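Could you open this structure in your viewer and follow along? Keep the selection tool at hand as we go from stop to stop.

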Amino acid sequence: MAAYFTPFLSTILLLGLLILGLRSRLLALYPMFYFYLATVALCQLIRIAIINYYKSYYLPVYWYTQFVCVALGFGILWEIYGAVFRHFPGTARMARFLVSFALATVLLNTLIQIATAQSAGLSSVISLEKNMRLVQAGLLALGIALVIHYEIPIGKNAGGILYGYGAFVITSVLLLSLREHFGPSFYTWWDAGQVLSYRTILAVWLYTLHSYCPAPKVVASPAMAEDYYWLGKTTQTSLAKLKRSLGKALQP
Amino acid sequence: MTSLALIASFIVLAILLIGGLAWPKILNSSLPMKAKNEARTQLMSLAGDLELPSYVLASGISDPLDLQFVRSHSPKLEKAFIKDRAQLARLWLQENRYFLNRLMRLHRLIARTNPSLSVGTELRVMAIGGILRGVLVASELLVLLAGPFRARHVASLAMGIFDDLSATVGSLAGTLDAGQKATIRADWARMA
């Protein structure tokens, strides 16, 4: 019975996330993320059907569906950048600049590789997926660095998506690199590692996205009261400074 | 080859961007005195407790006349006197580092909510902050290796850079509206 349910476990977790998203109205806040989840669930169902009824087509179907999911991952990044930096226009401007810079670097790198006939990155599907995941990892690292540098408060929901997807992308890059390095001997471990990491991330998302949790807001007290507070504070500092100077002047 | 190409691409683009965005801002950085004073007022209105360490104190610590006086009147005390002044100079530099950290933190609070923040200004602030950090570390090394009296010129250099940095951060604060300023004050008070 347990063996029968195991292939469906990821799909069940995904459907659970989608239902919770509908209930908590997070779906309206992060439509791209939930669209990604729905697409992944659909791809999994297609793969299960193909492996049971058209086994010879499984490999091409697997890679085509895999690339659809990887491409949609860029949509999640776009959405999470928008959600995290929504109330911080200065940081959003810096993020736009840095993302453009990172993508320009990748583009220039690709052009150099094409010019020097170093097309190894495009020669295999594994390399292609790894490169796409690497770009995603770079963009996620950039987003996380900006969040830390500018001390941007992020809620449990956005944090769950950002750090969860980040962990998933890093694990994917590591597993794909190991698969490329060790070859067929690593396939069993690669498969098990992929399933395990994927289910762990789904569990993390279930925990962080089960209800609406907005980012903590700093409540500014009325401007007038603040101004009086700071006027008092500045006067206090100036008086203390004056007292120190007076003390020094009176010393024999 | 792949990583080499990636590193080369990164360096070329970084040079082009820094050259294009930050360098003209660094060249045209000198603000008029009135604008600098206004910028400082803006800064004080956001963080009244942010006080730049005194330059008079630094010039007093590393005053060569004091050393000449000690040398001529009681040469036996020279070693202890230099040691004492070096300790004071290090404390002054530590105070500067603490001030720099706080100023950069305030800048991040201003920059993140500022819709009129330009990438060039932000890169410039980051560059000046980095240079200043380097100058302070170099000064501490200089005090340790060559003594406090040889490091007195570095103190005036650091103060000049601080002045420029404070003016840039202050002028950026001047572009915020009252609501944004109130939020920054609340943030600053919460972080203190």
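The model you are looking at is predicted.

**Stop 1: aromatic pairs**

Start by showing the aromatic side chains; over all chains, the whole structure holds 14 aromatic pairs. Now select Tyr36(A) and Tyr165(A): their ring centres are 5.9 Å apart and their planes meet at 85°, so this pair is edge-to-face. Which parts of the chain does the pair link? Tyr36(A) belongs to helix α4 (residues 31–53) of chain A and Tyr165(A) to helix α9 (residues 156–182) of chain A, so distant parts of the chain, 129 residues apart, are brought into one pair. Both Tyr36(A) and Tyr165(A) are buried.

**Stop 2: a pair within one helix**

Next, select Trp63(A) and Phe67(A). Here the ring centres lie 6.2 Å apart with the planes at 35°, so the pair is tilted. Trp63(A) and Phe67(A) both sit in helix α5 (residues 58–84) of chain A, and about one helical turn separates them because they are four residues apart. Are these residues buried or exposed? Trp63(A) has 11% relative accessibility and so counts as buried; Phe67(A), at 18%, counts as buried too.

**Stop 3: an arginine over two rings**

Move on to Arg179(A) and display Tyr187(A) and Trp190(A) with it. The charged end of Arg179(A) sits over the ring of Tyr187(A), 4.1 Å from the ring centre. That charged end also sits over the ring of Trp190(A), 4.0 Å from its centre.

**Stop 4: a buried glutamine**

Now pick Gln194(A), in helix α10 (residues 187–208) of chain A. Its relative accessible area is 18%, so Gln194(A) is buried. What does Gln194(A) touch, leaving aside residues up to four places away in sequence? Its contacts are Tyr62(A), Gln66(A) and Leu175(A).

**Stop 5: two helices in chain B**

Finally, switch to chain B and colour helix α5 (residues 78–113) and helix α8 (residues 178–191). Their axes are 10 Å apart, and the two helices pack at an angle of about 145°. The crossing of α5(B) and α8(B) is right-handed. To see the contact, show side chains including Arg102(B), Leu106(B) and Ile110(B) from α5(B), and Ile184(B), Asp187(B) and Trp188(B) from α8(B). The residues of this contact comprise six nonpolar, two polar and four charged.

Conventions:
Residues numbered from 1 in each chain as written. Chains lettered and ligands numbered in written order. Predicted model: local features only at pLDDT ≥ 70, side-chain atom pairs only at ≥ 80, totals over all residues. Heavy atoms only, no water. Axes fitted to C-alpha atoms, helices over the stretch in contact; angles between N-to-C directions. Left-handed = near helix turned anticlockwise from the far one by under 90°. Contact = heavy atoms within 4.5 Å. Nonpolar A, V, L, I, M, F, W, Y, C, P; charged D, E, K, R; others polar. Phe/Tyr/Trp six-rings, centres within 6.5 Å; stacked < 30°, edge-to-face > 60°. Buried < 20%, exposed > 50% of the residue type's maximum accessible area, 1.4 Å probe, protein only. Lys NZ or Arg CZ within 6 Å of the ring centre and 35° of its normal.
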